[in-house]
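Q: I'm new to this one. Can you walk me through it?

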Amino acid sequence: MATSRHSGVGLGDIEEEFGVDRRTAQRMTRVLEEVFDTCTTRIDDERRKYWRLDGNAARLMLAQGIRDSELAALEIALRRAERDGATNEVKALKSLRDRLLASMARPHARRAESDAEAVLEAYGFASRPGPRVRTATLVLETVAEALKGPNLLTITYAGGSKPDGTERTVEPYGMLLGTRRYLVAKVKGGNGRLQHFRLDRITAARLEAAYFARDPDFNLEAHAARAFGSYHADEEFAEVVWRFAPKAAAVAREFIFHPLQEVTEELDGSLTVRFHASGHLEMAWHLYLWGDAVEVLAPDRLRSMVAGFQRRDFPALP
């Protein structure tokens, strides 16, 4: 911060960025001055003090490398831009990533790339845009660390008959990101089956020192594909068939409703989409956006859920 900001960094900036009080911020600036002899200070017209580091200090910090979590965040942004077809952003992000890695010592770069790849694999790239339920930042950070290990994770999970939560230790396998976020995990000492824990119901998370061995045959991408969104229900898993009217076919053709979908162009100009998944409620939420321009051919339960709710007065398609 002290290097990247032309005017330097002030106590208020430090308090906001790190969530600390004024005395802690003052201690941090004293250490900054002690560690970097090139640190300079200035006082503005309102008698606020700012600290700044020159380019030599910047090169020293680059030599220390970038964190795996930072590299993972950059990779996630890059892959989201690729999915969205934002070619300019993809080019810029790739250039930034490559220059950052080039500035690091080779062993540090390899380690950062390896750890970042573990984080990326654990997150699974099932993220969908739009509204989402708020999740505690500390819980997210702790879960991410456990996935990277992989370490055992102790969570306090609220829900069901115990709204105050119960504590359980789990083996985390990944996260499903959507309207609601889910932790995919096995309960330590349980039946060995994968379970889904809503992140907004995890009120506390603690990283354990113990490691565990993930099932080498588990594939998060394949697991995520068993659902339309982030909610899984084995009893609902079946073939799903939607037919989009000719007036909506061109728009529907641009959508990837499911990674394993099959699309058929019908003679009347309509478009039929087939895939296997569960999560009827999330499907119904999405189908509502299409008004009367889509017909559910299968399964029967989903067809019954949307019957009578296809509006004709929407001014635009999704």
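Q: What should I know about the model and numbering?
A: This is a predicted model: local features need pLDDT of at least 70, side-chain atom pairs count only at pLDDT 80 or more, and totals for chains, interfaces and linings use all residues. Residues are numbered from 1 along each chain as its sequence is written, and side-chain values use heavy atoms, with hydrogens and water left out.

Q: Back to Asn 191. Where does it lie?
A: Asn 191 is in the loop between β6 (182-187) and β7 (195-198). Helices (H or I, at least four residues) and strands (E, at least two) are DSSP runs, numbered from the N terminus.

Q: What does the side chain of Asn 191 reach?
A: The backbone nitrogen of Arg 193, at 2.9 Å.

Q: New topic. Which residues touch the most other members in the largest nonpolar core?
A: Trp 242, Phe 244, Phe 257, Phe 275, Met 283 and Leu 302, out of 21 residues in that core. A nonpolar core is a set of buried Ala, Val, Leu, Ile, Met, Phe, Trp, Tyr and Cys residues joined through side-chain atoms within 4.5 Å.

Q: Which element gives the largest share of this core?
A: β11 does, with four residues.

Q: How many residues of β11 are buried?
A: Five of the seven, so β11 is largely enclosed by the rest of the structure.

Q: How many bridges join β9 to β11?
A: Seven, and the two strands run antiparallel. Two strands pair if DSSP finds at least two bridges between them. Val 241 stands opposite Arg 274 in β11.

Q: What about β10 and β11?
A: Strand β10 (residues 262-265) pairs with β11 over four bridges, also in the antiparallel sense. Val 263 has Val 273 as its bridge partner in β11. The two strands form a hairpin with five residues between them. Gly 269, in the turn, has a positive phi of about 95°.

Q: Salt bridges next. How many are found in the whole structure?
A: The search finds 17. A salt bridge is a side-chain nitrogen of Lys or Arg within 4 Å of a carboxyl oxygen of Asp or Glu.

Q: Which side chain meets Glu 239 in a salt bridge?
A: Arg 274, at 3.9 Å from N to O. That pair links distant parts of the chain: Glu 239 is in strand β9 and Arg 274 in strand β11, 35 residues apart. Glu 239 is partly exposed at 36%, and Arg 274 is partly exposed at 29%.

Q: What does the pair of Asp 292 and Lys 247 tie together?
A: Parts that are 45 residues apart in sequence, because Asp 292 lies in the loop between α10 and β12 and Lys 247 in helix α9. The N to O distance is 3.2 Å. Lys 247 is exposed at 59% relative accessibility, whereas Asp 292 is partly exposed at 32%.

Q: And the open sheet: what is the strand order?
A: Three strands run β1-β3-β2, with antiparallel pairing.

Q: Why is one side of β1 and of β2 left without a neighbour?
A: Because β1 (9-10) and β2 (40-43) stand at the edges of the sheet, each with a single partner strand. Four bridges join β2 to β3 (residues 49-52), and Ile 43 stands opposite Lys 49 in β3.

Note on methods. Buried < 20%, exposed > 50% of the residue type's maximum accessible area, 1.4 Å probe, protein only. Polar contact = N/O pair within 3.5 Å; in protein donor to acceptor, adjacent residues only side chain to side chain.
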